[in-house]
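Please open the model in your viewer and keep the sequence panel beside it. The stops below say what to select next and what is to be found there.

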Amino acid sequence: MVKQTIQIFARVKPTVRKQQQGIYSIDEDEKLTPSLEIILPRDLADGFVNNKRESYRFKFQRIFDQDAKQETIFENIAKPVAESVLAGYNGTIFAYGQTGSGKTFTITGGAERYSDRGIIPRTLSYIFEQLQKDSSKIYTTHISYLEIYNECGYDLLDPRHEASSLEDLPKVTVLEDPDQIIHLKNLSLHQATTEEEALNLLFLGDTNRMIAETPMNQASTRSHCIFTIHLSSKEAGSATMRHAKLHLVDLAGSERVAKTGVGGLLLTEAKYINLSLHYLEQVIIALSEKHRSHIPYRNSMMTSVLRDSLGGNCMTTMIATLSLEKRNIDESISTCRFAQRVALIKNEAVLNEEIDPRLMIIRLQKEIQELKDELAIVTGEQRTEALTEAELLQLEKRITSFLEDQHPESKLEVGTDMRKIHHCFHYLKKLLNDKKIHGTSIATSEIKDQNSQEPLKEEEYKKLRDILQQRDNEINILVNMLKKEKKKAQDALHFSSVDRSELRRSQSSPFPPGNPEGPGMLPPSAPTQAPDSSTSQYRSSLLHGKTGMREEMSLGRQEAFEIFKRDHADSVTIEDNKQILKQRFSEAKALGESINEARSKIGRLKEEITQRHVQQVALGISENTPVPSTPDLLEEKLRSQLEEEKRRYKAMFTHLKALKVEIEHLQLLMDKAKVKLQKEFEAWWAEEATSLQVNSPAVNSVNHMKPFPQMPESQHERSQLLSNKSDVYARKILPSPGPLLHSQEQSSPSTPLEDRIPEKPVSSVPLTGDSRTDSDILAFIKARRSILQRTGTICMSGPVPVLGPYQ
Ligand code: ADP
Ligand code: MG
């Protein structure tokens, strides 16, 4: 058992502006525990009563300042936890802090760069690397991904996520067994045999989370996400299994709202936006107080799920994420205070071991067989499962003659075969019952006498029967357990087969086998695994499933999508990643070629060495001189060349492996960005279509036009326009149609747009009643876009003065 308090770390997010200096300082004296001092800025402190403290000091295991890299965070925080999970202990890492302080960045990672990978992908990578190295044990890894939003749990890996909205999905519920062990109903477990499979699951969950999010349901700031790696291990031949769970938790934003309103906001008693975080705090307070017997775990789903991680069987680590800007001072202080309380909690982690029922059955069966064999040797007769007809008949005859024999010393000899003994009892019982039924009384006293003559034998029989019964029960229980295990395995298999069948359906793969662009061009004999095309197919099928629209898009919509994509702020990142990906592909290709060359060179060198050796031996024989025990100069040279080539090969191979992981990751990032883009386009498109329906045929819907998400560069222009021109322009282009125009429009809904725009005519925009096609919508959008671009209003994002349609 390992007793340990929850480890607390702090991470400060890089600030955008440099003016934050002086707000905090980090004291990292080698001998002391590092501490973080938060200093209240003068102007904030002045406004408060005199006894207000001006600085606050908090101790942490370690504090990571703004420049800390993801790699450092992993090495110092996550790696030790991953190691204890590999050793069989439960582990939890959770990030706590206000929205925007870097929780998701720390736990999952940034969506743009490979180097921004967070704790989850790095931990997966580390764990799988260790599993590969350790051949002494057999490991199995499963993944689950749970989201808790508004006290309801959702399975982020549920395939139904694609088609259903959050509300329609089956909820994950918490069940507690009599031993107070928590079980989660409706949360699927997916086996991952490689790092790649596990990463795919992570990205699938993240994409599902993004898809389910709407402006009304800002799940990413209000929900908790728990990514769990379930690791089982067993030494070969042993029946003992070890189970360990690693929870990686991205909590909801911890921001609080003051009860007292804006006036006394700073450092006053505050309430959480998120109720379950409030319950988490209550659990933490209860745990940190001595002599508290009741811990209110059951108040919320999150505290129930993380029950073991808090004050239980787990090694737990908390990362307090801080965004130390002036306006966030109060939230940062709350976060640090929370961490100080968490640091008081003691956990007791134990090894979770259990006996594998399958192996136990095998053992018992073996034992039974051995005993049977032993018995056969002792009795000299081979046992079959049941007694034969002839044996039964013979036995019954013996019983009858025994019953008929009036001699006081007569005996019933059946030997030591338990089956025969049992049959005798059954037969006697039957006889007795039959006689009772027929009303003929039997001299039971006779039997009693007989029995009492041999009390020992009777007792022995009973004992043996009990043992037999016990064994039967044991086997039944084990068989049931086995059935359950089998079912679980079948379910997992079913899941993966569903996934696989989805794979087969998808078509495009950026890494097809044998594609000369990828390292897949290596011959099958090359000791590298060619990148599994199924993974990328899986991703593309996922993308299709999520958006499910590219093929069905009408031409108009496709065109609009192209424009939308071009103008979208994310397109730069996508483009950048595409370039990097291309570069990595060609690097991988070149490396693949060099590896192949190195392989053939190694082959050649080996051959040369053998030849040289043979030559030496032949020479020795022909000259009748002994073969030198050490290789000659030439052979030595060849050998060192061979060693050098092998080293080179190994280095290149490792590099290629790393490249493969990076390529996979980049592809996943890009797929995610694409899904996001399509989702935003769909929303924008639907909005435009509605606005067209609602406002048509009035042209002044220009005011309702929402611009495409623009490139950041346009923001400067935008704000300028907003401040001085927009009002004028917006008014200027509006036709201010009077009652006359109103009636005109009603009478002729298909009036071309230009007729209704006096100042900036636009060529034919068909608006035909309600049955507008996508190309109509596109043409309409284009027309409005061109008006807006000419007038400058396209850049407006703030509230535009809305002139009612018929002012
Ligand atoms: P949270 O999950 O706490 O709401 P995020 O992780 O989403 O916050 O972070 C908010 C923004 O800040 C994101 O754009 C993220 O990329 C960025 N960010 C957070 N931490 C860091 C960091 N250490 N380095 C660089 N960018 C960061
Ligand atoms: Mg987040």
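Leaving aside its neighbours within four places in sequence, which residues is Lys-103 in contact with? They are Ala-95, Tyr-96, Gly-97, Gln-98, Asp-250, Leu-251, Ala-252, Gly-253 and Thr-321, where contact means heavy atoms within 4.5 Å.

Before going further, note that this is a predicted model, in which local features need pLDDT of at least 70 and side-chain atom pairs count only at pLDDT 80 or more, whereas totals for chains, interfaces and linings use all residues. Residues are numbered from 1 along each chain as its sequence is written, chains are lettered from A and ligands numbered from 1 in the order in which they are written, and side-chain values use heavy atoms, with hydrogens and water left out.

Stay with Lys-103, which is found in helix H3; helices (H or I, at least four residues) and strands (E, at least two) are DSSP runs, numbered from the N terminus. Lys-103 counts as buried because its relative accessibility is 6%, buried being under 20% relative accessible area, exposed over 50% and partly exposed in between, with a 1.4 Å probe and protein chains only.

Next, select Gly-97, in the loop between strand S7 (91-96) and helix H3 (103-107). Gly-97 is also buried, at 0% relative accessibility, and, not counting residues up to four places away in sequence, Gly-97 touches Lys-103, Ala-252, Gly-253, Ser-254, Thr-321 and Thr-335. An unreviewed UniProt entry lists both residues under "binding site", together with Gln-98, Thr-99, Gly-100, Ser-101, Gly-102 and Thr-104; its positions are given in the numbering used here, feature names are shortened, and annotations may be inferred rather than shown by experiment.

Of its 61 residues, Ile-93, Leu-124, Ile-127, Ile-143, Phe-227, Ile-229 and Leu-248 touch the most other members. Helix H18 gives the most to this core, with eleven residues. Because domain 1 (2-42 + 52-215 + 245-345) and domain 2 (558-688) both give residues to the core, it lies between them; the domain bounds come from an automatic or database domain assignment. Centre on Phe-227, whose contacts beyond four places in sequence include Ile-120, Leu-124, Tyr-145 and His-247. A second, separate core of 46 residues includes Ile-6, Ile-63, Leu-310 and Phe-338.

Move to Met-652 in helix H18 (residues 633-695), which is buried with a relative accessible area of 12%. Outside four places in sequence, Met-652 touches Leu-591, Ser-594, Ile-595 and Ala-598, and its C-alpha atom is 8.5 Å from that of Gly-592, 60 residues apart along the chain.

Then look along helix H16 (residues 555-567), whose buried residues are Gly-556, Arg-557, Ala-560, Phe-561, Ile-563, Phe-564 and Asp-567. These cover an arc of only 165° around the axis, so they are on the same side of H16, the arc being that of the directions from the helix axis to the C-beta atoms. On the other side of H16, Leu-555 and Arg-566 are exposed.

Finish in the loop between strand S8 (137-149) and strand S9 (152-155), where Asn-150 is placed. Asn-150 has a positive phi, near 55°, in a residue other than glycine, and is exposed with a relative accessible area of 61%. Glu-151, in the loop between S8 and S9, has a positive phi of about 70° although it is not a glycine, and is partly exposed at 38%.

Technical notes. A nonpolar core is a set of buried Ala, Val, Leu, Ile, Met, Phe, Trp, Tyr and Cys residues joined through side-chain atoms within 4.5 Å.
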